[in-house]
Structures are given as structure tokens and as C-alpha cells.
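Please read them alongside the sequence and the coordinates.

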Amino acid sequence: MKLDGKVALVTGGAHRVGKALTLALAGAGCDVFVHYGRSGDAAEQTAEEARALGVRAATGSLDLARTDELPELVDEAASALGPVQVLINSASGFATDTALDVTPEQWRRTMSVTLKAPVFLTQAMARALPEGMEGAVVNITDWRTARPYPDHFGYSIAKGGLDAFTRAAAIGLAPQVRVNAVALGAILPPPGEDRSYLQDLAGSLPLRRAGNPGLVADAVLFLLRNDFVAGEILRVDGAAHLA
């Protein structure tokens, strides 16, 4: 896919990895729609940085747990910029819970934001694509789906479902829409932690170094541009899955 002139919707595109992906897409020539939950000021700042790269940018807010409204987000992006051809499902929760203490409400929220929203946003994007127009989706997942976190029980299951969805949708939406994923490792410290958290973690990785959002953006751009790749989950994890 040639990215120049395409419209891209990035969920959670206002900050952290989502912001890096938004600006990488803008740098590649995409007009970008920055979705946010509560970070309106950050979303507008990201949009301004995208416009400075010479593309159009717009923002929109939605609680991704409100599944019935997900098609409206795609419609809003299309009204502002044109048909969405690139969808990056980046937004995610990271609730702390275990198999013994997860509550039904925690489970519902985690599944809605981390798994259900990507599924139905992808569906809405595919349904809205004009006939003959190609689309591409990249889901942001986690290498730890193969070795789940003990204290992020619901998150691990939701991301594992996102892996399965990536493969299933790659078949179900081909050939018009290609679906791939990038599985992250030690890219940014969790909220409340500093860079030393990553440096400590890097010592256990085969590559002995942490990553950064720019490396994730490179992987996403590769998957978008390569028209012969679908159903792939590309790990950007410093070979953590082999350790």
C-alpha cells in the first residue's frame, strides 16, 4: 500500500506509542484522525504536530467500551478527512488483576476496550470502504500473550484474543483488507515508572537493550506497505519470546 494521501485512524493516538504511530503515519503522507478517550489537549497537540508535517489531521473522542458507537467513530473520521483506509488499533487497558480476584466489571471493561473495540472498529472500517478501495489494519498486541502476566489476567486474555482475531480477520477480510499485528515488548515504562525500569528489564533480554516507539512505528509502516503480508504478528520485543 502506498501511504501518501491515505486516511489513517489511530485509536489512543494522542500519547505514548499511539502518538508515535500517528506522527509516523503523518510523516509517511497519511492524513490522520487521532482518537482519544479523555486526553483532548494531548490529542490536539498531536494533531498540530501532524499538520506541521504537511498533512491534514482531526481528532475525535469516544469511550471504546461503548461498542454500539464504534461505527460512528469511523464515520466521523471519514466526514473529516475521507474514507478510512488505514486503521491502527493501539488503545488498550492494562488493568491489574489475577485469575482469583478479577471481577465481572473489570473483565467486561478490559474485553470491551482491548479486544471488542478492535474487532468492531475493523468491521466498521471494512464495511465503510468504497468498492475497489484497499484497506489495511494493524493491531497492537503484546508478546506476553505467549507467556501471560500473572497480575494482568484479563489483559493477557484480551490480547491473546486480539492475536487470534488478527489471523481470523486476515482470512475473513481478504483480499480487500489486510490485517496484521505488532506484538510489543519493553518499549516504554508503565505509567509511574521511569526509564530505569526499562533498563533493568533489558538485562533479561537476549538483545540486552530496550526498544522505543520509533521501532514500533517502523514495524507498523512495514506491515502497511507490504501488500503480500497478512495475518502476521511481528514481534518487536528484543527477542524476549526466545528467552
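This is a predicted model: local features need pLDDT of at least 70, side-chain atom pairs count only at pLDDT 80 or more; totals for chains, interfaces and linings use all residues.

**Notes on helix α5 and the overall fold**

1. Residues are numbered from 1 along each chain as its sequence is written, and side-chain values use heavy atoms, with hydrogens and water left out.

2. Helix α5 itself spans residues 153-172, and its 20 residues reach 28 Å from first to last C-alpha, close to the 28 Å expected at 1.5 Å a residue, where the expected span is 1.5 Å times one less than the number of residues. Among its buried residues are Tyr 155, Leu 162, Phe 165 and Ala 169, together with the charged-type Lys 159 and Asp 163.

3. Seven helices and seven strands make up the secondary structure, helices (H or I, at least four residues) and strands (E, at least two) being DSSP runs numbered from the N terminus. Their order along the sequence is β-α-β-α-β-α-β-α-β-α-β-α-α-β.

4. For 243 residues, a compact globule would have a radius of gyration near 18 Å, and the 17 Å of this protein agrees with that; the radius is taken over C-alpha atoms, and the rule is 2.2 Å times the number of residues to the power 0.38. Buried residues account for 49% of the 243.

Methods
Buried means under 20% relative accessible area, exposed over 50%, partly exposed in between (1.4 Å probe, protein chains only).
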